[in-house]
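Visitor: I would like to learn how to read salt bridges in a model. Can you walk me through a case?

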Amino acid sequence: MAVRLVMEGYLGKEVASMVNVCRQTVSHYVSLFNEGGLELLLHRDFAPGREPFLTEEQQEEIKQLVLTTTPVELGWDVASAWNTKLLQSYVEKHFGVCISREALRKLLHRKGLSWTRPTYTLAKGDPDRQKNFEKQIDFIKKT
């Protein structure tokens with residue numbers, strides 16, 4: 001917007017007040033545009049960020065661990081599903097890395113996993129016993 005307004009003949013000072021930036025920013029935008037066009041103007045270099053605590057292979061191992069095993073199978077706990085507290089202990093013991101539970105949650109989210117509450121799958125009931133139970137409930141409701 002700033003570059004377009006300058007091309008239309010507005011002064012840098014006027015453009016700065018219109019788009020709510022300082023005059024030097026407008027001049028920087030114009031010089032970037034003159035150097036490399038719209039592509040250079042829109043190019044953004046982001047800082048690389050902090051090195052991850054775990055390598056890509058370790059992260060993938062944790063994902064597969066969560067998908068294919070339970071803590072009980074590995075002798076970690078009596079829990080039937082992984083949680084961040086158990087994973088935190090596992091990572092510290094196997095990889096020697098202390099990582100927060102929130103960082104583990106975010107790691108799993110980046111790997112395409114999401115947290116859900118465990119649900120119970122009921123075994124199929126005996127139809128005869130169910131009908132008998134319904135009769136008993138009806139009788140109780142009537143009395």
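This is a predicted model: local features need pLDDT of at least 70, side-chain atom pairs count only at pLDDT 80 or more; totals for chains, interfaces and linings use all residues.

Visitor: What is the distance between the closest N and O atoms of K111 and E56?

Guide: They are 2.4 Å apart. This pair links distant parts of the chain. K111 sits in the loop between α6 (101-110) and α7 (127-142), and E56 belongs to helix α4 (residues 56-68). The two are 55 residues apart.

Visitor: Which other partner does K111 meet in a salt bridge?

Guide: E60, at 3.6 Å from N to O. Here too, distant parts of the chain are linked: E60 is in helix α4, 51 residues from K111.

Visitor: Is K111 buried or exposed?

Guide: Buried means under 20% relative accessible area. K111 has 14%, so the residue counts as buried. E56, at 48%, is partly exposed. E60 is also partly exposed, at 32%.

Visitor: Which residues do the shared partners join into one network?

Guide: E56, E60 and K111.

Visitor: Where do R105 and E102 lie?

Guide: Both are in helix α6, 3 residues apart, about one turn of the helix. R105 is partly exposed at 41% relative accessibility, and E102 is partly exposed at 40%.

Key
Residues are numbered from 1 along each chain as its sequence is written. Side-chain values use heavy atoms; hydrogens and water are left out. A salt bridge is a side-chain nitrogen of Lys or Arg within 4 Å of a carboxyl oxygen of Asp or Glu. Helices (H or I, at least four residues) and strands (E, at least two) are DSSP runs, numbered from the N terminus. Buried means under 20% relative accessible area, exposed over 50%, partly exposed in between (1.4 Å probe, protein chains only).
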